[in-house]
Amino acid sequence: MHLDPWIIAFSAATVLATLALGFWAARKSRTAHDFFVAGRSVSVGWNASAISGEYLSAASFMGVAGMVMKNGYDALWYPVCYACGYLFLLLFIAGPLRRFGAYTIPDFAEGRYDSPAFRKIAVIFVLFIGFFYTMPQMKGAGTTLAYIFPGLPYWAGVTLVGAVITLNVALGGMKGITLVQAFQYWLKMFAISAPVFVLMAVYGHYGKQVGVNGAPSTPQIDYIRAANQLGWLSLHRAALPEKAPKDDIWLNPFGPLTTRAAKAAAQAIKTNVNLMSQIPLRPAIATNTVALKFQNSPTKIILDIYADLTGHTLLPRRTPVLDKIDDLLQGQLTRLHLREPISFPPANISAQSVKPTTAADLKAIIEASFATNGISLVAAGDRYFRAVRTRELEAYQTDLAKNAQQRWLDTHQRPLALLYTYSLIIVLVCGTAGLPHILVRFYTNPDGAAAKRTTMWVMILIGVFYLFPPVFGVMGRNLLPELYAATGAKGTDKIVLELPRILNERVPMLGSILSGITCAGAFAAFMSTFSGLLVSMTRALAHDVYGRILRPKSTPQQRLTAFKIAAVLIGGVAILLGMQVEQFDINFMVGQAFAIAAASYFPLLFLSAWSRHMTMKGAAAGMLGGGVLALTGISLTSFSDLKWLPLDGFWAAHPLLRILCEQPAIWAVPLAITLMIVISRCTRRDVPADERMKMLVLHAPENLGLKHEYIQEHLAH
């Protein structure tokens, strides 16, 4: 096992700096107010950096690059929509959410509808979303540790990193991780950008790398290809493994990611070859009997007789007029390639019957004669047939299946890919606006205006970050194609960690140093996001379950103790779940968490902030209907992919259902919104009495004096 000292040094420095900041902040986090919402005193700059650090998870730092390398350009929807989701937050949710005042999203749910029961429903979804989101972070942790320490089991990396982060959260709470996450954003920004600039300086910029992959012809790409062929650019890509998508597929906006369900369905199409012996005579054929005799008759004549007997047309079809003209011109049309000659397998067809022979007997005699000569007559649909050499029958059946599969793909692949793409866009945009661990960050701002300014800066910070991971994916396809052959922790998800090391071939130690920096960034990615998730879920248990449901009269110190205990319990569960997901792509798992958030919290927050006709029953019905069905769909596809459920055949037969379950937002989000509106209309008598006042609190400027801290009354316990 070879250990690179530079990689270990940078990774260890990141972990130690994170722990040091956590311990330092722990001394300043003494009250429940500090642990839950950082004293509501975080500035716009610090909070924007912290939110960006928390949001840019292992999916952003490692998963985007790995997915672009593995699937191609249809994976670019992930970074684009990750950033676009914050526009929804800025326009519709950030300001009202902060003005309402609370510790958690379940606080908002109870306060908005005066319903302690609704808090319980909201807590459940905080935990579901949180656990689904922790699994890709654990995958990132296991992948990174397995890269740093070759031979280390995946589960060991998950356990080690999970334990460190759990300790950090238990010590410092929200105030502790705010400083840590702000620091980690800038670390990730440096770690993702610096190696890219060095790699492009040595191996060629982004345009040159794309040009090697058979990009569509443009003057710039044509120049790059010509220069590369002349040896001016030294861009040489190793042979791609069998698992790697071809260039035209990899560059297609409907690539392996969005067409997977359609291609699985096409692969399941099997075509059986029906022999003509199973086909009856045509109904109108004469039933009289005749004597039979033919000696060394041409194959074409016998096939014409057979076609008349069965009512099927022989393929390939002939053109009688052209045939006669070609005969008259002694084959001149054929020599000029104006007519393609049609040939059939050669055969000596000889048969004789002294007794009268029926049409059915004649059909059987012809079939037996062809079989004797090694020729099979096979049906092609309901109206045609072919003469095929018997030894080539299996190959013919394979070609027939491929043709059927291609015809199916030509009809169904693009519509299914479009459906997948639209649903993915809805998942990522609406899911971003419904993530509890991100939304709660706005409670740490002093007021609603600061929350909106924070959101604007977050869009800028993460937008700049997302310029770099796709470059890693493109360069990785050219420079490290061997990763296509690996799976799990050794597959394309580690391209960000592995790619810089090839620089050692040019400048000794430079690659190791840059790889160490990217490892440090990877640690920062999954540590910051897992910290935020852990705080969000722990807060839900300590504040919402313990402090508001089980022990409503508990003191702040008791709730603080409950926070630390809950952090350890949830951290342990997250570690166990993380051990099960090694085979999944990091980005794909994050998309599942987004799907649950998009179908549950996004409709709740959007309609609760902007509609004064909402009732608790309507909000709860929509949240449960959309969220539970989305959870069920993604669970079915995940369990099937893990081989826990034998559903592969079912998904192949029903690709539309596979897409709707794997990416449920396209139907689950409208369903949740519709249920909320319809049931709220049906229960309009249950609209809270102070509805107008709450809408003023949500939208009125703070300087009007209507600002209301809903949870303030509970701080006195």
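A bit of housekeeping comes before the details. Residues are numbered from 1 along each chain as its sequence is written, and side-chain values use heavy atoms, with hydrogens and water left out. In this predicted model, local features need pLDDT of at least 70 and side-chain atom pairs count only at pLDDT 80 or more, while totals for chains, interfaces and linings use all residues.

**Helices that pack together**

Two packed helices are described by the angle between their axes and the distance between the axes. Helices here are DSSP runs (H or I, at least four residues), strands are runs of E (at least two), and both are numbered from the N terminus. An axis is a line fitted to C-alpha atoms, for helices over the stretch in contact, and angles run from 0 to 180 degrees between N-to-C directions.

Let's start with helix α22 (residues 510–550) and helix α23 (residues 556–578), whose axes come within 8 Å and cross at roughly 130°. That makes α22 oblique to α23. For reference, angles under 35 degrees count as roughly parallel, over 145 as roughly antiparallel, 65 to 115 as roughly perpendicular, and the rest as oblique.

The contact includes F602, P603 and L604 of α24 along with I673, M676 and I677 of α28. By class, the contact of α24 with α28 has 12 nonpolar, 1 polar and no charged residues.

**Salt bridges**

A salt bridge is a side-chain nitrogen of Lys or Arg within 4 Å of a carboxyl oxygen of Asp or Glu. By this rule the count comes to 17. Here are three of them:

| Pair | N to O distance |
|---|---|
| D114 and K694 | 2.8 Å |
| K617 and D686 | 3.4 Å |
| R658 and E662 | 2.9 Å |

D114 forms its salt bridge with K694, and this pair links distant parts of the chain, 580 residues apart. K694 counts as buried at 7% relative accessibility, whereas D114 is partly exposed at 45%. (Buried means under 20% relative accessible area, exposed over 50%, and partly exposed in between, with a 1.4 Å probe and protein chains only.)

R658 and E662 sit 4 residues apart in helix α27 (residues 655–662), so they are separated by about one helical turn. R658 is buried at 9%, and E662 is buried at 4%. R260, D641, R658 and E662 are linked in a network of salt bridges.

**A loop residue**

Where does L281 lie? L281 is in the loop between α12 (256–267) and β1 (290–297). At 26% relative accessibility, L281 counts as partly exposed. Not counting residues up to four places away in sequence, L281 touches L309, A359, A360 and K363.

Technical notes: Contact = heavy atoms within 4.5 Å. Nonpolar A, V, L, I, M, F, W, Y, C, P; charged D, E, K, R; others polar.
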